[in-house]
Amino acid sequence: MGILSNLFNWFNIKDKQEKERKIDYVLENEPESIEDIGQMFKAFELEKYLPNIEPLVRPVIELELKPTAENSIKNFDSKIGGKPSLPKDYDWPKTSKQKSMSFIAQLNITDIKKHDEENLFPSDGIISFFYCADQQAWGFDPKDKNSFKVIYFNSSQELQKADFPTDLESESIFKPNVIKFTKSLSIPTWDDDSIIGLIEDEDSDNYFEVSHGAENQILGYANNIQNTMELECQLVTNGLYCGDPSGYNDPRRKELESGQKDWVLLLQVGSEDEDTGMMWGDLGRIYFWIKKQDLKEKNFDNSWCILQCS
């Protein structure tokens, strides 16, 4: 969970004069209202920024994982790790080198819709996520397109749990976890373009702390480890290499960059080594993105995947 998951009764912080003070602040869950965010900002002496941050707040769906035996999970249940539910005789997704991908997650949209305030998701179905087992696709190269797969199955399709391919190593097979979905709010991360110049230097550390999001989530502001990713998604899916400045300096950027606003976070999964066996680089996260219109129209082939780590 994020910054508010395990907060405190008494929390010590220091101001710029190194004067230690105690803040009486209790909030057991992630912020569910602007009032919750106001309390959080007050605790970290960021109240003056709230009027400017409030219009930027986005709904987010947080995912709490619970390790569960595979035989206790039904075919259509939302899950991270474990065995995917696929149609009979369905070909397990492979990379362009014909190497089987790792199964990451499946989401039953009925679990999401009750929290989907913007009505971005289709009405029902299953979304399944796969990613290359060698973890060599970082998402900054257009060639990475064949290193991940997001698949949609409608509710009328008969699905059954698929056995793992024999070429998939044990470290690329993840432990099954069921998911608890919780609606909350997210604010722009410390490096988001929307707050450039908004937060004064003396308050940047405190804002960095409160803007950390969840480890596993859908929608909202991604919990970035490096840079924000919407522009990267927009450029790389239009053929621009973003592993160095060339793509960002390309003349086509100017006409393309407005489209970055169309991208939304479809799924973010963190390194949960103990619960899932997932370790993305050095305690990193994997992010699946999609344009809003493609999400509504079930065009999941147009998704994009990025891996970030420190």
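Buried means under 20% relative accessible area. The structure shown in these views is a predicted model.

**View 1. Buried residues of helix α1.** Helix α1 covers residues 34-43. Its buried residues are Asp36, Ile37, Gly38, Met40, Phe41 and Ala43. An α-helix has 3.6 residues a turn, so residues three or four places apart point the same way. Just after α1 comes Glu45, whose phi is positive, at about 55°.

**View 2. The ring pair of Phe103 and Phe130.** The model has 12 aromatic pairs, counted with ring centres within 6.5 Å. In one of them, the ring centres of Phe103 and Phe130 are 5.4 Å apart and the ring planes meet at 55°. Why is this pair called tilted? Planes under 30 degrees apart would be stacked and planes over 60 would be edge-to-face, so the 55° of Phe103 and Phe130 makes the pair tilted. The two residues belong to distant parts of the chain, 27 residues apart. Phe103 is in strand β6 (residues 101-108), and Phe130 is in strand β7 (residues 126-132). Phe103 has a relative accessibility of 2%, so this residue counts as buried. Phe130 is also buried, because its relative accessible area is 0%.

**View 3. Arg58 over the ring of Tyr221.** Arg58 lies over the face of Tyr221. The distance to the ring centre is 3.9 Å.

**View 4. Asp89 in its loop.** Asp89 is located in the loop between β5 (85-86) and β6. Its phi is near 65°, which is a positive value in a residue other than glycine. Is Asp89 buried or exposed? Asp89 has a relative accessible area of 71%, so the residue is exposed.

**View 5. Lys298 in its loop.** Lys298 sits in the loop that runs between α8 (292-296) and β14 (304-308). This residue, which is not glycine, has a positive phi near 65°. The relative accessibility of Lys298 is 39%, so Lys298 counts as partly exposed.

**View 6. Asp116 and its contacts.** Asp116 is part of the loop between α3 (109-113) and β7. Its relative accessibility is 7%, so Asp116 counts as buried. Which residues are in contact with Asp116, leaving aside its neighbours within four places in sequence? They are Ile61, Phe121 and Leu219.

How values were computed: Residues are numbered from 1 along each chain as its sequence is written. This is a predicted model: local features need pLDDT of at least 70, side-chain atom pairs count only at pLDDT 80 or more; totals for chains, interfaces and linings use all residues. Side-chain values use heavy atoms; hydrogens and water are left out. Rings of Phe, Tyr and Trp (its six-membered ring) pair if their centres lie within 6.5 Å; planes under 30 degrees apart count as stacked, over 60 as edge-to-face and the rest as tilted. Helices (H or I, at least four residues) and strands (E, at least two) are DSSP runs, numbered from the N terminus. Buried means under 20% relative accessible area, exposed over 50%, partly exposed in between (1.4 Å probe, protein chains only). A charge sits over a ring if NZ of Lys or CZ of Arg is within 6 Å of the ring centre and within 35 degrees of the ring normal. Contact means heavy atoms within 4.5 Å.
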